[in-house]
Structures are given as structure tokens and as C-alpha cells.
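Here are my notes for your read-through. Please keep the structure open beside them as you go.

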Amino acid sequence: MSRLTAAFDRARSENRAAFVAYLCAGDPDFESSVAACRALLANGVDVLELGVPFSDPLADGLTNQLAAQRALEGGMTAARVFELVRKLRETSQVPVVFYTYYNLVFSQGVEAYVREARAAGVDALLTLDLPPEEAGELIAACRQHGLDTVFIVAPTTPESRLQVIAAAATGFIYYVSREGVTGVRDQVAQDIPAAVARIKRHTSLPVAVGFGISTRAQVAEVGAAADGVVVGSALVNCIRDNLRDRSRIAPVLAAKAAELSAGVKRTRA
Amino acid sequence: MSANSNVPPPLDRFSQPDPGGHFGSYGGVFVPETLMTALKELGEAYDVARKDPAFINELRLHLKEFAGRPTQLYFAERLTQHAGGAKIYLKREDLLHTGAHKINNALAQALLAKRMGKKRIIAETGAGQHGVATAAACAKFGLECVVYMGAHDMERQALNVFRMRLMGAEVRGVEAGQKTLKEAINEAMRDWVTNVRATHYILGTAYGAHPYPMMVRDFHRVIGQEAKEQILAREGRLPDELIACVGGGSNAIGLFFEFLEDLGVKMTGVEAGGHGIKRGEHAARFAGGRLGVLQGCKTFLLQDADGQIELTHSVSAGLDYAAVGPEHAFYRDRGRIQFAYATDDEVLETFQLCSRLEGIIPALESTHALVEGLKRAKSLSKDKVIIVNLSGRGDKDVQQVQAMLAKK
């Protein structure tokens, strides 16, 4: 069983949703990023999603764009991203999902990239601009090396595509609850329970829901309907707001993660 | 160059990319899931429209009465004399309404959006020519129009920004990254992801996810269709060479497509050589790039070892882009289209030369093709015939060129 599957199983056995936290790898610099990730891992995070900084993050809102820019300007490279994962693996077995863009994988040779990711301790790839139709090479490499392949379902995804996506996905399915790019929203989408139920007709995989979730109440609300709740921009903002004193990033994130992850603790009766 | 000795297999000019939008190993659909359904619907709507006489006839009418087609094929007598070799003809897309070939595609896609019931249009623009064409088409058809443009491009093409706003478009400056065309496309795609149900994205070049490269190509095929008739009427034979500038590659594929099966016609796409082929100083993807995936398709990209997209530079905003249309990469592999580049300095010189000798001020983009056209003409005998696609006019560039010349 993959670490990712085990994490969702454990949450389910505790009658709660899994708490999935996102940060951009290397934001704002390598050392601060290691500390930031460790702060999350020590405060109720079941799955860590690491954004791999890309020069052209066209599916991301401004918060994550600026995070990627800070990381790249801070000297983040493909090799350093793997180094970051190895560093986290010294102290944690929490599953790590790379949230990335396909050129960063493709340009390295898909199989070589997947092999290196596995060796570093990465558990899954979520490639934002790679639909299942184009993902044959990536899926084959991930199966060969034991990585999960996470795919996205959107509100615009029709029934006919759900089967295609379910067939390509392992680990979990990521439902983006809104049309649009990543970022904090005032309210979570209204129809999440129905959407999760629709997806579950096509798969036995856990369904995690993200995009726009930023408060404990929203985490609890979404966690009541989904197997996992993803929070990204609200955490990235903790970095953005503490750039002047980077030593504050980890403690602020620790508190934020503890607060938000408490939202999943009481999701199911 | 060497590829002509290898005769490529015949091409079926009505051939399409495969159902997934691939031209060989290029193209495809690489977008966030949210857009997959919109692209499929667009492909289906286009497939119906392209066979519908009502759509074809209406488009033809607008191209004639609004855009000013057909455009002339003009014998550039004094440029020909200057080069002292092959005859140089200019396909005068610069004479079209709004100043460039871009209006062919903008009108067609706006008409298609209307058919699809989409009332809001978004577009990206580099030099501003596609933005102006889209703004004009939207004004004509009563569609809401938002154009994304890099902040740096807004500065160097201020006149086009004002034009778009005059025609009722909202121009949104993009401050990210290098503040040029690539960032404008990122931002347009973010808008589309957010507003996909009611919005159509009029992509301005033969680039991006399927069906865009095929569809945009088809909407510009009229350039080559006219040129072929015109040169046959004028010279009684096919040209020896066709030359066009290539940013994404829409004017080039528009001119070339009709001649693909005419293997005696050599075709050359001209990329932006900028300050020369050094990292970050140019936009010649075939000279300094390698295979990658960006903004919807697989093609040649300027990228670093990690796969990060590299900075580009060109004197012309319209060619200042890190990737090239996938169909160009496909025909280059088959040896059917050759590629060259022109540097900023060559372009500045030829911009003035063409203005002085022909009384035609060419767009900086199109001037790249002229640079290569003059080189080729010099190397060929006087009985040879070259057609250069003068894809746009240079009115938008005069302020920039004036400033550059003042510095020299």
C-alpha cells in the first residue's frame, strides 16, 4: 500500500477527512522552506503537497505565482526541490505530492524524472497541465517506479470524462471546487457534496477537495463531504506576510496548520 | 539548405492533425482540466462551422467588406533592383483593416463565438495587432472584449493600446515575469479557466491546445490561396520561394499551407534573432530551443536545463515569444519548411530600406521576412520569383524605431 493510500485510510479510520497542505518548494528560500514544511508536518498535516516552482504557472492565482517567483529567485532548481524532499524524509514519512507543470517533468525525460522523484521520497505527481489523454508516458513511468498519479476533476468535467480520469488516477482524485485559478475565496462552493458523490460513482479512490479553502470553518464544512481537504493559498500567505523576518515563518505556519487541521478533527460524527 | 535533397513524402493538404490534435509528435492538448470540455466544444463547433456554407459565406463577406480582402500581390520593383536578383513580390496583408493579417482569424473566431452563444471574448496580444483586430471584430459583432497585454508591450505599443480602448475593449496590463506576450497568454488562460462557461478565448496565433493551431491556420489559409492565384496570373507559374516571419507562426502557415504539396516551392520561416543567438537575447526557437510543453502544446521551446522557460528578446513584440507553433515544428522535421532568423540590427536597417525604396512602412515583425527575402533574392538569378508575406504595416512601430534611431 502506498504511503498516500495509507494516509487516507488512517484518516478514514479516525472518522475524519485528511488534511492536505500546500506550499511552494523553496519559498522564499531553501532553509526557510524546510522549516516551513516541518512546521506543517508537525501540526496535523496528513499529506504535503509541494508546488514545484515553474516560470509559467498558468493554473495558479497571484498568491502561488508570487510564491513560485520567490522560490526561483531564491535559487530553487530541480535538484534543490529533490534535496528538499530528502531533507523532509529524514524526519517524516508523511506522503509528499508534487504539484507541478508538465514541462518540468518532460524536459528531464519522463522516466528519469520519475525515478529521481521516487529516490528522493516523493509519493505522487499531480501535473496540472497534463490531462489523462496525454499522460500515457507519465503513468507508465509512475507505475513502474511506484508513484501515484493524481488527476484533477473540475466542475466542468462531464460524466464521460470522469471514467477516463478515474482510470488514470491513483492515490486520490483532486476535485477543484471552482472554475478558476488557485487562491483564497470568501465562500466555498455550494455543491461540493453532490460533486463528490458524482465522482465516487466512478471511483473507489478518496476524493480531496481544494481551491479557495482558507478557514477552519471551511475546512470542517468541506471535510464533512470529502475524504480530503486541501489548503494552499492561506498557508502560502503566512510566508508572504513574514518575508521581512523569515524566522517567524515556521512558527506562524505551525499555528495556522494546527488551527486549520483542527477543522478536520470533527468532520464526522 | 540540405533538406531539399531529401524529397519529403507528398502531403495531403486537407489533412488534419490526429483526433488528439497532434501534428506528428507535436501539438496535442496540455491544459488544466477545467478547460478540457471547452476545448472539446470549440473543436466540435468549429468542425460544424467549417462545413456550413452559411458560416463560410458570412465570413467571406466580412473578410471582403470589413477587412478588405483580397489583398494585393505587389511587385516590389525597387527592392528587387536593390537586391539585384530574384523578383520580390509582397503579399500585402498590411493593407487589411486594422493593419495586419490578424483580422482574418479575429473575425472568424468572433463569428464562431457568436454561433456558440459566447458573449464575452478574451484575447492576448504582443505587438497589439491581434488585440486591435479582436477589438475591432468584437465592436462589429457587439461582443464584450478583454485583451491581456504585457506591461512592457503596452509601453512599446502604446498606440495600439489606445486603438483597442477606442474600440471599446478593456486592455489589462500584465505585470508578471518579462511582461510580454508569454505572460499575457498565461493571464488570458487564467481568465478563461475562471470564466470558461460564457467566454471564448480568441487565441491570436497558430499555437496552443488543439483545435487552435489547426483552426487559426485554416482561418489564414486565404493568404496562400489568393497568393497562388495572383502569382499564376502575374507570372504564369508558381513562385520559387515563400518567406514569412514566425512568432507563433500564423501568417507563415497561412501563406505556406496552400503550397505544401508544390514541392518545387521552397518555404522559409524567419524567427527573431534579437541581439544574436545567446541565451535570453533572441526568440529563435529552432536555433536555440528544444522540445517541451508550454501553454497548451508540445513544440520547440527556449528553456533552461530544468525546463524553466527562458527570457526572450526581440525588437518586435509580436515575435518575442519562447515557443513556436507545433505545425511548423512538424513540417521542419519533414524538411518542408526551412527556418532562418533575422537580428534586430538587420531588421532596423531593412525597415528603413523598404520605407525609402517602396514607400511602404512594414511592421517590424514582417521586416524579419523582408531581411531574409532580400538575402535570398541576392543569391538567386533574375528569373526566379520570391513572395514575402508583408503580414502587417509598421505605423505602430514608428515611435519605437524613431527612439531607437535617435540612440544610435
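1. Start with a helix pair in chain B. α5(B) passes α7(B) in a left-handed crossing. On the α5(B) side, the contact comes from Q129(B), G131(B), V132(B) and A135(B). On the α7(B) side, N160(B), R163(B) and M164(B) take part. Sorted by class, this contact has 3 nonpolar, 3 polar and 1 charged residues. Bear in mind that the model is predicted.

2. Now the geometry of that pair. Helix α5 of chain B covers residues 129–141, and helix α7 of chain B covers residues 158–166. Their axes come within 9 Å and cross at roughly 10°. Angles under 35 degrees count as roughly parallel. α5(B) and α7(B) are therefore roughly parallel to each other.

3. Helix α6 (residues 110–120) of chain A packs on helix α7 (residues 136–145) of chain A at an angle of about 35°. The axes of these two helices are 9 Å apart. The crossing of α6(A) and α7(A) is right-handed.

4. Look at the side chains of that second pair by name. From α6(A) come V110(A), E111(A), V114(A), R115(A) and R118(A). They meet E137(A), L138(A), A141(A), C142(A), Q144(A) and H145(A) of α7(A). The class count for this contact is 5 nonpolar, 2 polar and 4 charged residues.

5. Next, the sheet. Chain A holds a closed barrel of 8 strands, with parallel pairing. The strand order is β1-β2-β3-β4-β5-β6-β7-β8. From one strand to the next, the twist averages 25°.

6. One strand pair can be followed in detail. In chain A, β6 spans residues 173–176 and β7 spans residues 207–210. The two pair in the parallel sense over 4 bridges. Which residue in β7(A) is the bridge partner of I173(A)? That partner is V207(A).

7. Helix α10 (residues 216–223) of chain A lies across β1 (18–24), β7 and β8 (228–231) of chain A. The helix runs at about 150° to β8(A).

8. Finally, the interface. In chain A, 37 residues are in contact with 35 residues of chain B. The two chains bury about 2900 Å² between them. Of this area, 49% is on carbon and sulfur atoms. Which three residues supply more of the area that chain A buries against chain B than any other three? They are D56(A), L58(A) and E134(A), with 22%.

Technical notes. Residues are numbered from 1 along each chain as its sequence is written. Chains are lettered from A and ligands numbered from 1 in the order in which they are written. This is a predicted model: local features need pLDDT of at least 70, side-chain atom pairs count only at pLDDT 80 or more; totals for chains, interfaces and linings use all residues. Side-chain values use heavy atoms; hydrogens and water are left out. Two strands pair if DSSP finds at least two bridges between them. Axes are lines fitted to C-alpha atoms, for helices over the stretch in contact, and angles run from 0 to 180 degrees between N-to-C directions. Contact means heavy atoms within 4.5 Å. Angles under 35 degrees count as roughly parallel, over 145 as roughly antiparallel, 65 to 115 as roughly perpendicular and the rest as oblique. A crossing is left-handed if the near helix is turned anticlockwise from the far one by less than a right angle, and right-handed if clockwise. Ala, Val, Leu, Ile, Met, Phe, Trp, Tyr, Cys and Pro count as nonpolar, Asp, Glu, Lys and Arg as charged, and the others, Gly among them, as polar. Buried area is the accessible area (1.4 Å probe) that two parts lose on being put together, summed over both.
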